[in-house]
Amino acid sequence: MTVQREIVFSAEWDGRRAELRRDSASIEALQAEPGTLVLPLWRGRPLVDGDAREGLAWLAPDHPVLRHARDAWIYLGDHAGHARFAADVSSWVPVELDTAAFGGFIDPTEYQHPDLPEGQVFAELRGLMVTLEAADAALASTARGLMNWHRSHRFCSSCGQPSVVAQSGWQRLCPACNASHFPRTDPVVIMLVLRGNRVLLGRSPHWPEGMYSALAGFVEPGETLETAVRREVFEETGVRCGEVRYVAGQPWSWPNSLMLGFVTEAQDEAITLDPVELEDARWLTREEMVDVMAGVHPDVRRPRAGAIAYELVMRWLAGTIR
């Protein structure tokens, strides 16, 4: 039997302890405990430790970097014998801030806070996702997703007044109209479209040169996941699909998505591009995809390791999905 690799960001940690989120006294006590660990994130970048960037840098509750946190810490639960929190320290302004780099596909810039030792830096999570231990990657991704939601939902959608953080970061309340708001997760279908020995990949106009990936799109109101798969493939490429089978999911905090991976069978091969969505789409044989994954294909770059599109292709090449 072939054992599937765990998809990045999908791991579980010891316990989310959701029953404590409403217990403000217990949360305050945990925040004061010397053994509690806090993960600071700056503009979505978690703090990492070491030249290999293989581990998160968890801080003690009294660490001076945490003074930059303007909102209450988010309680993530317990892991490896310690309570775990996350703190958004984005109010810190580095002396040398490369604002132009934020518009790139992946910003490789790392930022060093003056109160941290050499080697501890804030780094882009997408560049770390295949090096971090599985639970650490999931904890960082969860924290990032929640912070994204808080930044974009500071006002009540019912009455427009400012809302406040509640339930240890897992809810927002409106003091004006008493409305409750909960973290948003947007379902996205991502699909490996197969026809015989070939797979259909697409290229978005803003992607780096040579980058292709599995087709993907948001689920619309009133449709099933299977319908969303067929609709997205047809809208983007004009290819009609039949059977749809679920493979695996991946939380994806860019900004707040749940990627739902499928494989589907194409009923035809003719491609009619939607130029707004795709710059190009092409059928690639299994043999060509072996070259792609080996990094030797002349036109198509290897999918980014760690992303679910990479895992779908690898499972197809291994014969575990058909």
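Helix axes are lines fitted to C-alpha atoms over the stretch in contact, and the angle between two of them runs from 0 to 180 degrees between N-to-C directions. The structure described here is a predicted model.

**Helices α4 and α5**

In this model, the axes of helix α4 (residues 286–294) and helix α5 (residues 308–318) come within 11 Å and cross at roughly 130°. Angles over 145 degrees would count as roughly antiparallel and those from 65 to 115 as roughly perpendicular; α4 and α5 are therefore oblique to each other. Their crossing is left-handed. On the α4 side, the contact is formed by Arg286, Met289, Val290 and Met293, which meet Tyr310, Val313, Met314, Trp316 and Leu317 of α5. By class, eight of the residues in this contact are nonpolar, none is polar and one is charged.

Strand β1 (residues 37–42) is mostly covered, with six of its six residues buried. In a regular strand the side chains alternate between the two faces of the sheet. On one side of β1 lie Leu37, Leu39 and Leu41, and on the other Val38, Pro40 and Trp42; all are buried, so both faces are covered.

| Partner of β1 | Sense | Bridges | Bridge pair |
|---|---|---|---|
| β5 (residues 82–88) | parallel | five | Pro40 with Ala87 |

Definitions and conventions: Residues are numbered from 1 along each chain as its sequence is written. This is a predicted model: local features need pLDDT of at least 70, side-chain atom pairs count only at pLDDT 80 or more; totals for chains, interfaces and linings use all residues. Side-chain values use heavy atoms; hydrogens and water are left out. Helices (H or I, at least four residues) and strands (E, at least two) are DSSP runs, numbered from the N terminus. Angles under 35 degrees count as roughly parallel, over 145 as roughly antiparallel, 65 to 115 as roughly perpendicular and the rest as oblique. A crossing is left-handed if the near helix is turned anticlockwise from the far one by less than a right angle, and right-handed if clockwise. Contact means heavy atoms within 4.5 Å. Ala, Val, Leu, Ile, Met, Phe, Trp, Tyr, Cys and Pro count as nonpolar, Asp, Glu, Lys and Arg as charged, and the others, Gly among them, as polar. Buried means under 20% relative accessible area, exposed over 50%, partly exposed in between (1.4 Å probe, protein chains only). Two strands pair if DSSP finds at least two bridges between them.
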